Amino acid sequence: MQTLEFRAMNTDVLLAAEGIYAAELGLQVARRFIEVSELRFSRFLPESELSQLNIAAGSWRMVSTDLLEMLQLSLAYHKETDGLFDPSILPDLKRLGYDRTMDAIRAKRGAVAPGLPRAPRPSFRDIEIDAANRRVRLQPGMEIDLGGFAKGWIVKKAAELLSRDASACAVSAGGDILFIGRPGQDGDWQVNIEDPQNPSAALAGLKVGPGAVATSSIAKRSWHQDGLQRHHLIDPRTGEPAKTSWLSVTVMSPDILTAEVYAKALLIGGAGEADHLASRRSDLNYIAIDTNGALNSSMAAEDLIYEHGFTYQQ
Amino acid sequence: MRLLQIGMRIWIAVTSVFSFMAGWIMLAHSPKPVQSASTSSAAPSGMSAPVPTLAPLPPLDLSGTQNQAALPAPQFSVQQQPSFFSQAPVFTTGGS
């Protein structure tokens with residue numbers, strides 16, 4: 001097994017590939033793809049395709065097939081989750097101070113500009129997509145942040161690239177992991193569920209096969225504004241950071257975009273809406289961690305846990 | 001036949017000695033490298049090719065104060081080499 005670790009998309013990325021031809025070239029190609037994709041879909045880069053689309057809100061704009069695909073899928077998931085997954089919450093994120101990369105916010109010790117009153121924003125459902133002509137029109141005032149969704153999409157495409165030369169491979173980027181094949185032909189992949197309150201400890205160890213594991217957490221990207229603790233998971237219904245009893249949700253699904261979307265939706269929805277939301281996908285399992293460090297999981301997810309509560313060896 | 005063989009041997013020996021001596025004499029009378037250089041430097045200045053000169057290089061702006069706004073800072077990345085492991089790595093759900 002060969003691995004390559006680097007930092008991209010403001011998070012740690014780990015590529016792993018097995019197979020005689022996998023090697024260096026495949027790993028470097030996947031890395032390059034991730035780095036280039038970040039330049040295309042980051043909301044923090046004014047020259048990115050996504051930023052240009054946001055700037056052009058109110059008028060039709062030609063987009064690439066990749067961005068078109070992401071926007072179409074986003075809209076479908078937005079409807080499927082009753083709006084809990086909403087990529088158009090960017091104005092709220094900016095208002096709350098998340099207007100630059102988390103690395104930049106951390107460099108200023110999490111301090112951001114004072115908050116502003118919430119202004120009404122158009123619904124994501126009103127986005128106009130002309131797939132035949134590859135055009136998109138955002139409503140005036142609409143701004144898109146594909147964020148974790150774009151990361152999931154990039155992980156998926158990078159893993160597909162890597163799998164061309166590997167008998168088994170994995171791509172992990174900041175909580176989004178996609179496994180293709182099995183290590184050692186019939187082995188399992190091991191995934192540790194990190195303790196959101198203590199990153200050096202794991203609350204459980206999982207053994208999984210091919211498929212995706214995605215995690216959303218309110219502990220990773222947080223900052224202070226006007227003396228209040230903020231985090232990046234915005235409840236689209238209120239425009240404020242989601243008030244939830246869960247600190248993180250990990251979702252297992254064959255598809256990484258489904259896992260990514262539902263990890264976010266389940267965390268925002270919380271325990272009250274979890275079973276209702278998760279029942280929409282029969283192939284979806286989740287493990288949620290509450291503020292007491294307790295695990296709340298769907299039935300089938302319990303079968304994946306082979307180890308409970310341990311600290312990483314230093 | 002025997003006389004011819006003796007004659008040939010004598011002729012080869014004589015011509016070898018003669019050629020050796022001739023080469024020695026030629027080398028002894030040829031100009032030495034040092035002598036050649038001094039001869040060339042002693043030539044009139046109009047005969048020697050002018051030595052090209054380079055314009056002075058601008059000083060390095062290590063403080064980054066010049067043209068900072070106009071030119072984006074170059075980004076260099078080190079091509080990290082893959083690591084080899086006998087087993088698959090253990091992944092962690094960091095979350096985002």
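Author: A crossing is right-handed if the near helix is turned clockwise from the far one by less than a right angle, and left-handed if anticlockwise. The model discussed here is predicted.

Reader: What is the handedness of the crossing of H6(A) and H7(A)?
Author: H7 of chain A covers residues 256–269. Its axis and that of H6(A) come within 9 Å. By the clockwise rule, the crossing of H6(A) and H7(A) is right-handed.

Reader: Are H6(A) and H7(A) roughly parallel or roughly antiparallel to each other?
Author: Their axes cross at roughly 160 degrees. Angles over 145 degrees count as roughly antiparallel. H6(A) and H7(A) are therefore roughly antiparallel.

Reader: Which residues of H7(A) make the contact with H6(A)?
Author: The two helices cross at roughly 160 degrees. From H6(A) come A:Gly148, A:Phe149, A:Gly152, A:Trp153, A:Val155 and A:Lys156. By class, the whole contact has six nonpolar, two polar and three charged residues. On the H7(A) side stand A:Ile256, A:Leu257, A:Glu260, A:Val261 and A:Lys264.

Reader: Which residues in H6(A) meet H3(A)?
Author: The crossing of the pair is right-handed. H3(A) brings A:Asp66, A:Glu69, A:Met70, A:Leu73, A:Ser74 and A:Tyr77. In H6(A), they meet A:Phe149, A:Ala150, A:Trp153 and A:Lys157.

Reader: How many nonpolar, polar and charged residues are in the contact of H3(A) with H7(A)?
Author: H3(A) and H7(A) pack at about 45 degrees, with axes 11 Å apart. That makes H3(A) oblique to H7(A). The contact joins A:Leu73, A:Tyr77 and A:Glu80 of H3(A) to A:Leu257, A:Thr258, A:Val261 and A:Tyr262 of H7(A). Its residues divide into five nonpolar, one polar and one charged.

Reader: Is A:Arg121 buried or exposed?
Author: A:Arg121 lies in the loop between helix H5 (102–107) and E4 of chain A. Its relative accessible area is 18%. The cut-off is under 20%, so A:Arg121 counts as buried.

Reader: What distance separates the C-alpha atoms of A:Arg121 and A:Ile89?
Author: Leaving aside neighbours within four places in sequence, A:Arg121 is in contact with A:Asp86, A:Ser88, A:Ile89, A:Pro91, A:Asp92 and A:Pro236. Along the chain, A:Arg121 and A:Ile89 are 32 residues apart. Their C-alpha atoms are separated by 8.5 Å.

Reader: What does A:Arg134 count as, at 35% relative accessibility?
Author: A:Arg134 is found in the loop between strand E4 (128–130) and strand E5 (135–137) of chain A. Its phi is positive, about 55 degrees, although it is not a glycine. An accessibility of 35% falls between the 20% and 50% cut-offs, so A:Arg134 counts as partly exposed.

Reader: What is phi of A:Asn10?
Author: A:Asn10 sits in the loop between strand E1 (2–8) and strand E2 (11–18) of chain A. Here, too, a residue other than glycine has a positive phi. For A:Asn10 the value is near 60 degrees.

Reader: What share of the residues of chain B count as buried?
Author: Chain B has two helices and two strands. From the N terminus on, they run α-α-β-β. Its accessible surface comes to about 9,200 Å², with 69% belonging to carbon and sulfur atoms. Of its 96 residues, the share that counts as buried is 7%.

Notes:
Residues numbered from 1 in each chain as written. Chains lettered and ligands numbered in written order. Predicted model: local features only at pLDDT ≥ 70, side-chain atom pairs only at ≥ 80, totals over all residues. Heavy atoms only, no water. Helix = DSSP H or I, 4+ residues; strand = E, 2+ residues; numbered from the N terminus. Contact = heavy atoms within 4.5 Å. Buried < 20%, exposed > 50% of the residue type's maximum accessible area, 1.4 Å probe, protein only. Areas by Shrake-Rupley, 256 points an atom, 1.4 Å probe, with all protein chains shown as cover. Axes fitted to C-alpha atoms, helices over the stretch in contact; angles between N-to-C directions. Parallel < 35°, antiparallel > 145°, perpendicular 65-115°, else oblique. Nonpolar A, V, L, I, M, F, W, Y, C, P; charged D, E, K, R; others polar.
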